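Please open the model in your viewer and keep the selection panel at hand. The stops below go from one selection to the next.

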Amino acid sequence: MFGTAFSQLRYGLAILRNRRIRPQDLERIARDLVTTLAEFGEPGADSALLPGQAGAIDPAVRRTVTERSLRATARAAARHTPYYRRAFDRLGLDPVTLTPETWDQVPVTSKSALRGLPAAFVSAASVPALMALTTGTSGTPTTVWYSRAEVETAVAMSTVSAVLGLGLRPRHTMAYAGCSRATLPLLNVEESVTRIGASFVQIGTVDPAVALDRLAAPLGLRGKAPQITHLTISASYLSALVEEVERSGWRPSDFGLEFIGVGGEVLSEPLKERAAAAMGARISTTYMMTETLPSGGTSCTEGHLHHTTEFGHLEVLDPVTHEPTPPGGVGTIVQTPYVPYRDCTLLLRYATGDLVRRPEAEPECELSHLPATSPVLGRWSGPLSRSVPTRSVLDLLEAEPDIPLPARYVLEEGRQGPSLHVLVRRLPGTALLGRLEDRATAAGLALAAIVLHDDPAGLPPTGPVRADLREHTFESARPVAVRVASPA
Ligand SMILES: [Zn+2]
């Protein structure tokens with residue numbers, strides 16, 4: 001308990017005295033938090049000092065900390081990575097003279113640059129230990145090398161946020177339903193959950209019927225809640241589970257779920273409400289990226305996405321011109337994850353492609369000391385992705401029970417404007433079409449037409465979603481296997 005208080009104090013002082021929090025401080029905070037939990041069952045009341053939950057900080061102090069972090073990160077990148085050494089030499093830029101005001105002299109790094117040559121971003125001063133791959137639903141997967149120290153920082157951050165953010169306790173069981181090949185998130189969740197003393201179940205992205213069976217199964221473990229209590233999942237695979245729950249008549253009381261954490265894809269409001277009703281759990285979403293961990297975003301009660309300032313620098317820029325997006329405008333998130341939390345793959349002004357709207361005015365909410373944007377609206381892929389963003393389409397489609405989940409749709413640019421092609425359960429569905437048209441108009445979506453299809457073969461090719469990373473299990477194949485194995 002004293003240990004925790006001491007570390008928290010250190011953290012508070014590090015910020016107030018304009019000192020950097022060292023990665024080992026993060027690990028100590030996480031370790032002390034686990035010890036406090038084991039001893040007292042709850043974290044200390046002073047936990048508001050912990051990362052991501054720090055109170056208001058003097059703007060002048062914050063500016064100095066930002067400047068120092070930007071310079072240190074730029075210096076490390078220019079000195080130790082081939083990509084930025086060349087970029088800084090070419091521009092004649094001296095990293096140690098950069099300020100938050102002149103930071104825009106550093107060129108924006110595109111996803112394709114990292115994807116094309118991941119090793120050019122790896123620091124010669126680090127030891128690459130783990131190759132993390134993005135899922136690549138929006139194109140070729142991106143490789144991001146992690147050092148052992150970075151993995152440990154990520155686990156420490158994840159432990160702290162699981163205890164304080166999710167309220168994870170030793171009596172809980174966390175299931176992970178993301179893709180089993182996503183090594184970094186899988187390792188991160190497993191390691192932080194079991195450090196807390198909670199238990200961990202790997203489900204993977206399997207047949208939804210199999211996943212629901214596993215979620216509903218009694219655990220029968222002494223000292224543990226009777227069933228799985230927490231679930232980590234992508235939005236599209238959650239929608240596939242909701243479809244199966246509604247189709248097969250599962251009731252919320254069949255599950256012991258308390259909390260579902262959704263990440264990696266846009267979670268629409270109607271899906272959030274349907275999933276909460278179907279599975280009887282509180283649902284929350286966070287924003288994290290393999291490339292920019294441990295920087296990330298948390299939602300507040302007002303529906304903003306708030307971004308951490310301790311671990312990286314956030315900019316919202318126009319996806320084409322890279323000019324700053326004005327308040328009220330839509331731009332893409334450009335992130336600079338700071339050293340020493342990142343020491344292997346170093347990225348400066350990394351264009352994530354994730355579209356967000358900047359708020360019109362300074363938000364007044366419990367997280368107003370952290371920079372705010374809207375939740376992620378979608379991924380930039382051209383002007384249509386900004387005028388009709390993924391979130392608006394999913395808000396429209398995922399509210400309709402006649403549209404099977406995950407929603408399959410495609411936007412096609414035509415002479416009159418974009419048409420939205422949607423897969424529905426059955427035609428004619430004129431009532432559905434009228435309702436969709438009315439709701440699209442009310443939402444201000446600039447669509448020339450909505451076209452319904454009840455045959456997937458007639459639908460233009462749609463983009464993949466994470467629920468499509470389906471893993472085979474023997475459970476789904478059992479009827480066939482039993483038939484083959486039975487003696488005649
Ligand atoms: Zn807020």
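Begin with the largest nonpolar core, which has 113 residues, and select Leu238, Ile260 and Val422, the residues with the most contacts inside it. Such a core is a set of buried Ala, Val, Leu, Ile, Met, Phe, Trp, Tyr and Cys residues joined through C-beta atoms within 7 Å, where buried means that 20 or more other C-beta atoms, placed from the backbone, lie within 10 Å of a residue's own. Helix H6 (residues 148-164) gives this core its largest share, 8 residues. This is a predicted model, in which local features need pLDDT of at least 70 and side-chain atom pairs count only at pLDDT 80 or more, while totals for chains, interfaces and linings use all residues. Residues are numbered from 1 along each chain as its sequence is written.

Next, select the open sheet of 8 strands, which has the order S4-S3-S5-S6-S7-S8-S9-S13 and mixed pairing. Strands (E, at least two residues) and helices (H or I, at least four) are DSSP runs numbered from the N terminus, and two strands pair if DSSP finds at least two bridges between them. S4 and S13 (372-373) stand at the edges with a single partner strand each, so one side of each has no neighbour in the sheet.

Within this sheet, look at S6 (residues 259-263) and S7 (residues 282-288), which run parallel and are joined by 4 bridges, with Val262 opposite Thr285 in S7. Helix H10 (residues 269-279) packs on the sheet, touching S6 and S7, and its direction makes about 135 degrees with that of S7; such angles run from 0 to 180 degrees between N-to-C directions, with axes fitted to C-alpha atoms, for helices over the stretch in contact.

Now move to helices H8 (residues 208-216) and H9 (residues 235-248), whose axes come within 9 Å and cross at roughly 80 degrees. H8 and H9 are therefore roughly perpendicular to each other, a label used for 65 to 115 degrees. Their contact is made by Pro208, Ala209, Ala211 and Leu212 of H8 and by Ala240, Leu241, Glu244 and Val245 of H9.

Finally, select the open sheet S10-S11-S12-S14, whose 4 strands pair in the antiparallel sense.

Conventions: Two residues are in contact if their C-beta atoms, placed from the backbone, lie within 7 Å. A residue is buried if 20 or more other C-beta atoms lie within 10 Å of its own, exposed if 12 or fewer, and partly exposed in between; C-beta atoms are placed from the backbone. Angles under 35 degrees count as roughly parallel, over 145 as roughly antiparallel, 65 to 115 as roughly perpendicular and the rest as oblique.
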